[in-house]
Amino acid sequence: MAVDYEWRLRVLMAENGMFKATELIPRLREHGIRLSDSQVFRLVTGRPERLNLRLLMVLREILGCQPGELVRRTDVAAPAKEEPASSREIPKDLKPKHARLKRPAR
């Protein structure tokens with residue numbers, strides 16, 4: 001099993017009566033976090049790969065939650081490993097065919 005995560009910011013915002021990313025901007029500013037509108041939009045609608053710990057602490061304070069409620073661990077099946085093409089056996093009856101290319105008539 002591989003480890004992944006679920007980013008639950010949008011869900012927790014809705015539980016706290018905030019339904020638009022723009023509603024989070026003034027709340028962040030109250031705590032000294034200044035992000036552009038587009039950065040907040042991506043934070044709310046996307047799934048960040050990296051997150052500033054100060055921002056995490058401010059989000060949990062605004063939303064009244066614990067870090068584990070904001071980011072949940074999920075298990076996903078590990079991708080199946082493919083054999084390299086060089087190790088596969090080629091059927092003996094498989095032979096290349098010559099191709100004839102013709103110019104189209106004008």
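I started with the largest nonpolar core, which has 22 residues. Leu9, Leu24, Leu28, Leu59, Leu63 and Leu70 touch the most other members. Such a core is a set of buried Ala, Val, Leu, Ile, Met, Phe, Trp, Tyr and Cys residues joined through side-chain atoms within 4.5 Å. I took buried as under 20% relative accessible area, with a 1.4 Å probe and protein chains only.

This is a predicted model: local features need pLDDT of at least 70, side-chain atom pairs count only at pLDDT 80 or more, and totals for chains, interfaces and linings use all residues. Numbering runs from 1 along each chain as its sequence is written, and side-chain values use heavy atoms, without hydrogens and water.

I then looked up what builds this core. β1 (2-7), α1 (9-15), α2 (24-30), α3 and α4 each give two or more residues. With six residues, α4 gives the most. Helices (H or I, at least four residues) and strands (E, at least two) are DSSP runs numbered from the N terminus.

I checked Leu24 next. Leu24 touches Leu9, Met13, Met18, Val40, Val44, Leu59 and Ile62, leaving out residues up to four places away in sequence. Contact means heavy atoms within 4.5 Å.

I turned to Arg8, in the loop between β1 and α1. Arg8 counts as buried because its relative accessibility is 9%. Beyond four places in sequence, Arg8 touches Glu15, Glu69, Leu70 and Arg72.

Terms used: Buried < 20%, exposed > 50% of the residue type's maximum accessible area, 1.4 Å probe, protein only.
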